Amino acid sequence: MTRVMLGAVVGALVLVGCGGGGTPPEENQVRVQVVDGNYGVTFEYLTVPTFTPLRTALAEFPQSVAEGAMLAAINAERARGGVCPTGSFPAARPLQFEAHLHRAATLYGRELVTAGKMELPHRSRVDNRVPSQRMVDAGYRPVPPSRVQWVFGESLAAGTDLTSPAEVIAAWKDSPSHCRALFENIGNGAVARVDGAAGKFWVLNIAGWENE
């Protein structure tokens, strides 16, 4: 019998604005400010107007076969829609692999493996960053429409013999917050699996906004 530990957070962030205060951005850069209401965190980043999601894995963070299989299984679940503890969700568009989100998920997975346990509520034990900050710092830096409801979500699962995508998805569907994250109608995502002495740690990162 596999013991599964879970953790999840899905945050709706409001884009406050582009440009504005602080040090003026360099030419051809845009300053984006976000408010993460889940954690009471406000932060900024600089990006370029032409930012596009990266669909090919970074050389230093290759996507494993297991991670690809998990993302495919999640997309199959999204295509069917599902029943969660809090109600039913319609079919959702597939999550497209995004390499910066994969980097963020992998780095956090490594941190969890080093700690030998999951950290809730999803704050890094190294520098206290929350999921939205970690995804942005990993390079996911789009320019959303002004004041859009912007979703950053992170779901965790860990177990000593947790290799089956179906097993992980079933565990997530039993949890209201995890199940909701599975059917968020946004388009970018990535899964990382990092193995260690304490077990196999899965990290699902999703980000984006409707009609992106």
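Modeller: Happy to, and the ring rule comes first: rings of Phe, Tyr and Trp (for Trp, its six-membered ring) pair if their centres lie within 6.5 Å, with planes under 30 degrees apart called stacked, over 60 edge-to-face and the rest tilted. By this rule, there are six aromatic pairs. The model is a predicted one, so to speak of local features pLDDT must be at least 70, and side-chain atom pairs count only at pLDDT 80 or more, while totals for chains, interfaces and linings use all residues. Numbering starts from 1 along each chain as its sequence is written, and side-chain values use heavy atoms, with hydrogens and water left out.

Let me begin with Tyr45 and Trp150. Their rings are edge-to-face, 6.4 Å from centre to centre with 65° between the planes. This pair links distant parts of the chain, since Tyr45 is in strand S3 and Trp150 is in strand S7 (residues 149-159), 105 residues apart; helices (H or I, at least four residues) and strands (E, at least two) are DSSP runs, numbered from the N terminus. Tyr45 and Trp150 are both buried, where buried means under 20% relative accessible area, exposed over 50% and partly exposed in between (1.4 Å probe, protein chains only). Trp150 also pairs with Phe152: the ring centres are 4.8 Å apart and the planes meet at 40°, so this pair is tilted. Relative accessibility is 0% for Trp150, and Phe152 is buried too, at 4%. Taken together, ring pairs join Tyr45, Phe51, Tyr140, Trp150, Phe152 and Trp209 into a cluster.

Trp150 turns up again in the nonpolar core, which is a set of buried Ala, Val, Leu, Ile, Met, Phe, Trp, Tyr and Cys residues joined through side-chain atoms within 4.5 Å. The largest core has 44 residues, and the members that touch the most others are Ile74, Trp150 and Leu204. Another core lies apart from it, with nine residues that include Leu156, Ala158, Phe201 and Val203. In soluble globular proteins, nonpolar side chains tend to be buried together.

Arg134 lies over the face of Tyr108, 3.7 Å from the ring centre; the rule asks for NZ of Lys or CZ of Arg within 6 Å of the ring centre and within 35 degrees of the ring normal.

Next come the salt bridges, each a side-chain nitrogen of Lys or Arg within 4 Å of a carboxyl oxygen of Asp or Glu. The structure holds nine of them. One joins Arg31 and Glu44, whose closest N and O atoms are 3.2 Å apart. Arg31 is in strand S2 (residues 30-36) and Glu44 in strand S3 (residues 41-47), so this bridge ties together parts 13 residues apart in sequence. Arg31 is buried, at 8% relative accessible area, whereas Glu44 is partly exposed, at 38%. Another bridge joins Arg103 and Glu60, at 3.4 Å between the closest N and O atoms. It links distant parts of the chain, 43 residues apart: Arg103 belongs to helix H2 (residues 99-115), and Glu60 to the loop between S3 and helix H1 (65-80). Both ends are partly exposed, Arg103 at 21% and Glu60 at 46%. Arg129 and Asp127 form a further bridge, with 2.8 Å between the closest N and O atoms. There is also a network, in which salt bridges with shared partners join Glu77, Arg80 and Lys173.

For a covalent link, look at the cysteines. A disulfide here is a pair of cysteine sulfur atoms within 2.5 Å, and a search of the whole structure finds one. It joins Cys84 to Cys179, with S to S at 1.9 Å. Cys84 lies in strand S4 (residues 82-84) and Cys179 in helix H5 (residues 176-182), so the bond ties together parts 95 residues apart in sequence. The torsion about this S-S bond of Cys84 and Cys179 is about -75°, so the disulfide is left-handed. Cys84 is buried at 6% relative accessible area, and Cys179 is buried at 0%.

Finally, a helix. In H4 (residues 165-173), the buried residues are Val168, Ile169, Ala171 and Trp172. Seen down the axis of H4, they fall within an arc of 160°, so they line one face of the helix; the arc is that of the directions from the helix axis to the C-beta atoms.
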